[in-house]
Amino acid sequence: MAPTSQRALPRLLIAIAILLVIARIVVHVSTREKPSNDSVNWVSIEEAAHLAVSSNRPILMDFTAEWCGPCHVLDAEVFRDPAMAKEINERFIAVRVTDRQREDGANSEVVAELQRRYRVNGFPTVVFADVSGGERGRMEGYGGREQFRSVMESVR
């Protein structure tokens, strides 16, 4: 190798290293979990009871899990649909109750208690409850948008 090409080699390696670092940053940023596109105004479990009483609206509880495929379909077809989300926001106080059993080995006591109280045995389960917490309707599994609408319409 000629002396000039030996000097160029470290510069080339540094340039490649810099490009690889930039590529890694771009991949990391682009694959990071994106914020939810839901149009539903989700509130915390703690806020739900107060808001339900003050607005005299029933509570919609979406029992879900990150690993649940049908839960993601429910999100896409119902909660991200602007017309459905608008109706949900007008008629209900919406709470997302996320199961973390697989990921963390246990759920928080609040989530575990809600799952026991409303007999949640699978995901998705959507429970409609009145302001006192009494169950008014439910959908277990996801049978499509029309099934969801039918259950939602039955809750008055």
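Author: Helices here are DSSP runs of at least four residues, numbered from the N terminus. The model is a predicted one.

Reader: Within what arc do the buried residues of helix 6 fall?

Author: Val111, Ala112, Leu114 and Gln115 are the buried residues of helix 6. They line one face of the helix, because seen down its axis they fall within an arc of 165 degrees.

Reader: What do the buried residues of helix 6 pack against?

Author: One partner is a helix, namely helix 2 (45-55). The others are strand 2 (59-65) and strand 3 (93-99).

Reader: In helix 7, which residues are exposed on the other side from the buried ones?

Author: Helix 7 covers residues 145-154, with Phe148, Val151 and Met152 buried. Down the helix axis these fall within an arc of 100 degrees, so they line one face. Exposed on the other side are Glu146 and Ser154.

Reader: Is Asn56 buried or exposed?

Author: Asn56 is found in the loop between helix 2 and strand 2, and its phi is positive, near 55 degrees. Its relative accessible area is 64%. Since exposed means over 50%, Asn56 is exposed.

Reader: What is omega for the peptide bond from Phe123 to Pro124?

Author: Pro124 is found in the loop between helix 6 and strand 4. The bond from Phe123 to Pro124 is cis, with omega near -10 degrees.

Technical notes: Residues numbered from 1 in each chain as written. Predicted model: local features only at pLDDT ≥ 70, side-chain atom pairs only at ≥ 80, totals over all residues. Heavy atoms only, no water. Buried < 20%, exposed > 50% of the residue type's maximum accessible area, 1.4 Å probe, protein only. Helix = DSSP H or I, 4+ residues; strand = E, 2+ residues; numbered from the N terminus. Arc of directions from axis to C-beta. Contact = heavy atoms within 4.5 Å.
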